[in-house]
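Please consult the sequence and the structure shown here while reading.

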Amino acid sequence: MIKRLATRHFATSQPVFSKELLANYPIRLLDLSESRRGYFEQFPGAPWHERSILMPMRLKMAFTAGTGFINGRFGTPSTLHPEAKDSPDFFPDQFQDGVKYALPAVIERLSGWDGDLQSPQGLSLRTCVADGLLTELSKAHQGLFKECVILNLKWNHNKTKEDAGEGLNVTPKHFWITFGEEHMATSTLLRGPVTSRYHLVAFTRKIITKPTAGKLRPSSSNGLQIPLERKIFREICFEYVYEPGELEGDEDAEHGVMAAIPDFQWKRKVMMLGQVLAIDSDVSGSDMKLGYSLTQVSDGAVVASGSVDLDGISVRMETSHFVKEFPEDGSWKVADLDNFLIHPRVLEEEKGL
């Protein structure tokens with residue numbers, strides 16, 4: 001949970017539009033009282049034994065399983081390098097170091113961006129920010145640019161670029177693994193309404209993906225054709241993406257007929273197709289000030305400025321899709337900041353509880 005203070009100054013001539021655009025930025029710069037809940041912070045409608053005993057036990061088991069999963073594919077070297085099999089585990093130390101680098105690096109690359117995904121800044125951001133979050137950041141920066149202002153960000157006033165990650169503490173909280181073929185399991189943050197529920201943390205969602213302008217079918221950034229409709233069965237922190245009608249009784253469940261929870265054999269079959277892995281973490285530190293300013297495109301005049309303390313900010317890191325061992329050309333990217341994408345997904349999944 002973020003505990004931070006903001007200071008800001010708006011010039012007397014500051015138009016209302018930029019305040020509104022700034023208020024909707026993926027990182028909360030203005031209204032820190034706005035709720036941005038992450039996963040498993042509340043359990044609406046759950047009895048006390050679920051909240052106090054069963055859910056903590058399930059989450060601990062999921063974290064243990066996730067640790068073994070990631071170190072089995074990242075921490076132990078591939079068969080191509082058997083001499084390195086005694087190398088230290090990837091998680092948590094190497095992962096934490098990656099987050100310490102990624103957070104300041106993304107903020108630095110966002111500063112002064114006009115939102116153009118094909119610009120040098122946009123292409124640079126594409127290497128470290130996942131598609132879903134990058135799309136939202138692009139919209140925010142384009143909206144500001146259309147109003148003739150640019151958002152400038154300054155991470156940690158008292159640190160050089162090389163030292164920006166020093167003094168940060170990264171606390172991993174939850175593992176997420178989304179299983180399925182590459183054109184199906186495109187993210188750990190796919191959104192859609194819950195169509196059937198088996199338990200508080202076991203349910204099925206329907207994902208509808210609309211084609212972008214000028215295309216007949218939706219596609220991912222790497223050119224893969226994405227189905228118009230997908231379904232996801234989720235169990236705690238593990239998700240299985242499949243085509244509608246693949247599971248017996250699945251369609252009936254949408255009309256209120258209780259279907260059986262998918263069995264292990266079916267889940268194992270989906271797991272063999274590959275996965276996208278993600279980890280939610282809280283990042284804290286004694287000096288995590290983010291300074292910001294809005295400047296006019298025409299003459300660079302500052303029309304608004306302020307700072308916010310990012311102490312406790314939530315960050316989701318997500319891998320590219322892989323099968324078996326993580327490939328040398330695989331990537332980790334920032335998939336969410338400040339629960340911008342996670343919070344509406346949480347609310348969506350809580351409907352009907």
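The points below are grouped by topic, after a short note on the model.

The model is predicted, so local features need pLDDT of at least 70 and side-chain atom pairs count only at pLDDT 80 or more, while totals for chains, interfaces and linings use all residues. Residues are numbered from 1 along each chain as its sequence is written, and side-chain values use heavy atoms, with hydrogens and water left out.

**Overall architecture**

- The protein has eight helices and 12 strands; these are DSSP runs numbered from the N terminus (helices: H or I, at least four residues; strands: E, at least two).
- Among contacts (heavy atoms within 4.5 Å) with a separation of 6 or more, 70% join residues 24 or more positions apart.
- The protein exposes about 17,300 Å², and carbon and sulfur atoms supply 55% of that area (Shrake-Rupley method, 1.4 Å probe).

**Second largest pocket**

- The second largest pocket has a volume of about 340 Å³; a pocket is an open set of points on a 1 Å grid over the protein atoms alone, with protein on both sides within 12 Å along at least five of seven lines, and a volume is the space filled by probe spheres set on the points.
- It is lined by 18 residues, of which Ala 65, Glu 235, Ile 236, Phe 238 and Tyr 240 are the closest to its centre (lining residues have an atom within 4 Å of a point).
- Helix H2 (48-75), strand S3 (169-179), strand S7 (238-242) and helix H7 (264-271) each give two or more residues to this lining, and H2 gives the most, with six.
- By class, the lining has 13 nonpolar, two polar and three charged residues.

**Cysteines**

- A search of the whole structure finds zero disulfides (pairs of cysteine sulfur atoms within 2.5 Å).
- Cys 128 is buried, at 15% relative accessible area, whereas Cys 148 is partly exposed, at 48%.

**Two buried strand residues**

- Asp 280, in strand S8 (residues 275-284), is buried with a relative accessible area of 5%.
- Not counting residues up to four places away in sequence, Asp 280 touches Thr 171, Pro 172, Lys 173, His 174, Trp 176, Val 315, Arg 316 and Ile 342.
- Ser 307, in strand S10 (residues 302-309), is buried with a relative accessible area of 17%.
- Ser 307 and Tyr 292 are 15 residues apart in sequence, and their C-alpha atoms are 5.9 Å apart.

Definitions and conventions: 1 Å grid on protein atoms, 1.4 Å probe; cavity = no way out; pocket = protein on both sides within 12 Å on 5 of 7 lines; lining within 4 Å. Nonpolar A, V, L, I, M, F, W, Y, C, P; charged D, E, K, R; others polar. Buried < 20%, exposed > 50% of the residue type's maximum accessible area, 1.4 Å probe, protein only.
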